[in-house]
Amino acid sequence: MDPAHQRRCPRQRHDLQPLHPGSPPRRDRGGPQDPGRAGRQRPGRVRRAGRAGEGRAARRRERAGRGQRLSTAPRPEDAPFTERTPRVVAARHLTRRPGRDRAGRFLAEGAQAVREALAWSTAGRGRVHELFVTAVAADRNPELVRAALDAGVPVSGVTDKAAAALSETVTPQGIVAVCDLVEVPLALTGARLVAVLHGVADPGNAGTVARVADAAGADAVVFAGDTVDPHNGKCVRASTGSVFHLPISRSRSADEVFAACRAAGLRLVAADGYAEEDLVTADLRGDLEQPTAWVFGSEAHGLPDEVVATLDTSLKVPIYGGAESLNLATAAAVCLYASARAQRTSR
């Protein structure tokens, strides 16, 4: 008989087998692999524990770089408010007069206006309800963000597009405060110098007159008749925060305003380029030392004749050169400072 290894039958195995037979040989692919990753391991990619997709959302927010939620109130994923966020939509309504009148609030945009608004709120004269700020504006004005948080004002990060929706300028400032209206009831008792705006439609002019009146130490500014809303964004910005410094009143009735001025002992003086007398004559006569309410009309048309006729007197700013006239803000500055100087000199 042929030996077993020469027959057509399975080759006999040894009785003793290794306890742990090795795995069949395989090609080396260059290193060990994770249980959950096929192929070569990528260095430096460590996934944090958490919800699925959370890392991707964080990376998307980082790449966006459009804003940051700064309030201590919780909000999903700390994303900045967009122009469609309900609070931004509500604040957007404050860029129009009907929305401001309904809500009893207005927007103060820009670092200077926000600074004055926070000081006004801290002094207890009004309230700042919220501060919207972009990431860039927050980096530029960290002291304003900190002051708002210290005062308990919610600070909300917004995207650039949301900031543009809250702005009335071509170049948004990126920082906007939601404030109570600054106007107060018409009460002029004890006032010695008041600026009355009658029919001034340009918000930039109105805001600049408020700024001048503040600088001259006036006791109040009154917006009478069809004058622009003092809370208009351009008016607030032109005032550079002065609307937060001195009493601002408004009344649709010019007659009511004039009656309140007379009741307070104020002499009503029209600033009129066609007046017969000028400031120099009035000053030499001592008229400017008296408590005075200067009444200014629109730059385009001035004061109506019927309004001038109801006032105590009218004066013009003398023009010694070839200029045809002065703009409203410049004329107001000359008149208010002339009265302020005369009143302080006479004391």
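Student: At what angle do helix H4 and helix H6 pack, and how far apart are their axes?
Tutor: This is a predicted model. In it, H4 (residues 111-122) and H6 (residues 142-150) pack at an angle of about 25°. Their axes are 11 Å apart.

Student: Is H4 roughly parallel or roughly antiparallel to H6?
Tutor: Roughly parallel, because angles under 35 degrees count that way.

Student: And is the crossing left-handed or right-handed?
Tutor: H4 and H6 cross in a left-handed sense.

Student: Which residues make that contact?
Tutor: H4 brings Ala111, Val114, Arg115 and Leu118. From H6 come Glu143, Leu144, Ala147 and Ala148.

Student: How does the contact of H4 with H6 split by class?
Tutor: There are 6 nonpolar residues and 2 charged ones, with no polar residues.

Student: What is the handedness of the crossing of H8 and H13?
Tutor: Right-handed for H8 and H13. On the H8 side, the contact uses Asn205, Thr208, Val209, Val212, Ala213 and Ala215. On the H13 side, Leu328, Ala329, Ala332, Ala333, Leu336 and Tyr337 take part.

Student: How many charged residues are in the contact of H8 with H13?
Tutor: No charged residues there. The contact has 10 nonpolar and 2 polar residues.

Student: Now the pockets. What volume does the second largest pocket have?
Tutor: About 690 Å³. Its lining has 26 residues.

Student: Which of those lie nearest the centre of the second largest pocket?
Tutor: Ala271, Asp272, Gly273, Ser325 and Leu326.

Student: Which helices supply at least two residues of that lining?
Tutor: Helix H12 (305-310) and H13 each do. H13 gives the largest share, 3 residues.

Student: What about the classes in the lining of the second largest pocket?
Tutor: The lining divides into 14 nonpolar, 7 polar and 5 charged residues.

Student: Which residues line the largest cavity?
Tutor: Thr95, Leu107, Glu109, Leu166, Ser167, Glu168, Gly233, Val236 and Arg237.

Student: Which elements give two or more residues to the lining of the largest cavity?
Tutor: Strand S1 (105-109) and helix H9 (233-238). The largest share, 3 residues, comes from H9.

Student: Last one. How do the residues lining the largest cavity divide by class?
Tutor: 3 are nonpolar, 3 are polar and 3 are charged.

Notes:
Residues are numbered from 1 along each chain as its sequence is written. This is a predicted model: local features need pLDDT of at least 70, side-chain atom pairs count only at pLDDT 80 or more; totals for chains, interfaces and linings use all residues. Side-chain values use heavy atoms; hydrogens and water are left out. A crossing is left-handed if the near helix is turned anticlockwise from the far one by less than a right angle, and right-handed if clockwise. Helices (H or I, at least four residues) and strands (E, at least two) are DSSP runs, numbered from the N terminus. Contact means heavy atoms within 4.5 Å. Ala, Val, Leu, Ile, Met, Phe, Trp, Tyr, Cys and Pro count as nonpolar, Asp, Glu, Lys and Arg as charged, and the others, Gly among them, as polar. On a 1 Å grid over the protein atoms alone, a cavity is a set of points where a 1.4 Å probe fits but cannot get out, and a pocket is an open set with protein on both sides within 12 Å along at least five of seven lines; lining residues have an atom within 4 Å of a point. Grid points are joined across faces, edges and corners, and a volume is the space filled by probe spheres set on the points. Axes are lines fitted to C-alpha atoms, for helices over the stretch in contact, and angles run from 0 to 180 degrees between N-to-C directions. Angles under 35 degrees count as roughly parallel, over 145 as roughly antiparallel, 65 to 115 as roughly perpendicular and the rest as oblique.
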